[in-house]
Amino acid sequence: MEEKNTPLVEVRNLKKYFKTKNGILHAVEDVSFTIDEGKTLGIVGESGCGKSTLGKTILRLTEPTSGDVFIEGKNIASLNKRELRKARMNMQMIFQDPYSSLDQRLTVEELIADPLIVNKVYRNKKEIREAVLNIMDTVGLDLRFRDAYPHELDGGRRQRIGIARALVLNPKFIVCDEPVSALDVSIQAQILNLLMDLQEQRKLTYIFVTHDMSVVKHISDDIMVMYLGQCVEKASSDVLFSKPMHPYTKALLSAIPVPKIYEEKHRPTLIKGEVSNPINPKPGCRFASRCDFATEECKGKDIPLIETEKNHLVACHLFSKQQTE
């Protein structure tokens, strides 16, 4: 009998709204999913779809409007400040910009030691230094850089500092918020391979936020596609790339460059129209104004996620209609 993995992360009906002078901005709208221990959930979508806000809300770097987040069965959304501080040792974040996310006044050693000092993990400086040097070696940072400052290092080494800071407390869950988008292509591959090696060695669980479909395919077990705060499709990496269902997912995949010199030129699917306003949105599919398959039935009521195949969810009226026929 096949043994089932226990979900390390479970998100239920998570919402995050922001008040603006023009109304309520619906950044994250009723998102639910689970991630098994040691697995990676990739979250993709164009800029402004809410994927980074979702990651920050899960860790309560921004407070959720409503919904629940369970990590190892503990509801993070209901913890007080003291309990949350303790729980954060088990969940960390790797930020997008490896320069602005680091304090430029601190050396590499001081930056990595800071989480250990704040959380009082070790009793003396000797133990802290040993832990710092050990994690530097783990992430591929030469020990000769321990007295260097971030501005003296390149982007790849800065991001390794960010990874070391996230790992030094031995968390089980890490949100990677576009950790390679600011790096050169050759350095991107090094960082991605490092994250995958660390996951295998430490059984880490990732949320990997990105807008790059090629990157998300390389690192993810499952992929969730977001559009204007909503999940429009979720499936395993292989299934999503081989059998996309939602028109928005198909458009994203068609935009991936195809290096075929001698074959007919690849033509990506162009998404027409304007992005709808996320402030006080009307019920219905938020992609309808740009979708070639939209009908009147796409408006007036929100489209639920339907499981069209095992573990393949899609929020589209075309498939909702098929389920009822």
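**Exercise 1. Find the residues that Glu29 touches beyond its neighbours within four places in sequence.**

Solution. Contact means heavy atoms within 4.5 Å. Leaving aside those neighbours, Glu29 is in contact with Leu14, Lys15, Tyr17, Gly229, Gln230 and Arg286.

The model is predicted: local features need pLDDT of at least 70, side-chain atom pairs count only at pLDDT 80 or more, and totals for chains, interfaces and linings use all residues. Residues are numbered from 1 along each chain as its sequence is written, and side-chain values use heavy atoms, with hydrogens and water left out.

**Exercise 2. Name the salt-bridge partner of Glu29.**

Solution. A salt bridge is a side-chain nitrogen of Lys or Arg within 4 Å of a carboxyl oxygen of Asp or Glu. Arg286 is the partner, with the closest N and O atoms 2.7 Å apart. Arg286 lies in the loop between α9 and β11 and Glu29 in strand β2, so this pair ties together parts that are 257 residues apart in sequence. Both Arg286 and Glu29 are buried.

**Exercise 3. Describe the salt bridge between Arg290 and Glu46.**

Solution. Step one: their side chains meet at 3.3 Å, N to O. Step two: Arg290 lies in the loop between α9 and β11, and Glu46 in the loop between β3 (40–44) and α1 (51–58), so the pair ties together parts that are 244 residues apart in sequence. Step three: Arg290 is buried at 12% relative accessibility, whereas Glu46 is partly exposed at 29%.

**Exercise 4. Work out how β1 pairs with β2 and with β4.**

Solution. Two strands pair if DSSP finds at least two bridges between them. Strand β1 (residues 7–20) pairs with β2 in the antiparallel sense over ten bridges. A hairpin of two residues joins β1 to β2. Leu14 stands opposite Val31 in β2. Strands β1 and β4 also run antiparallel, joined by five bridges. Here Lys15 stands opposite Ser66 in β4.

Terms used. Helices (H or I, at least four residues) and strands (E, at least two) are DSSP runs, numbered from the N terminus. Buried means under 20% relative accessible area, exposed over 50%, partly exposed in between (1.4 Å probe, protein chains only).
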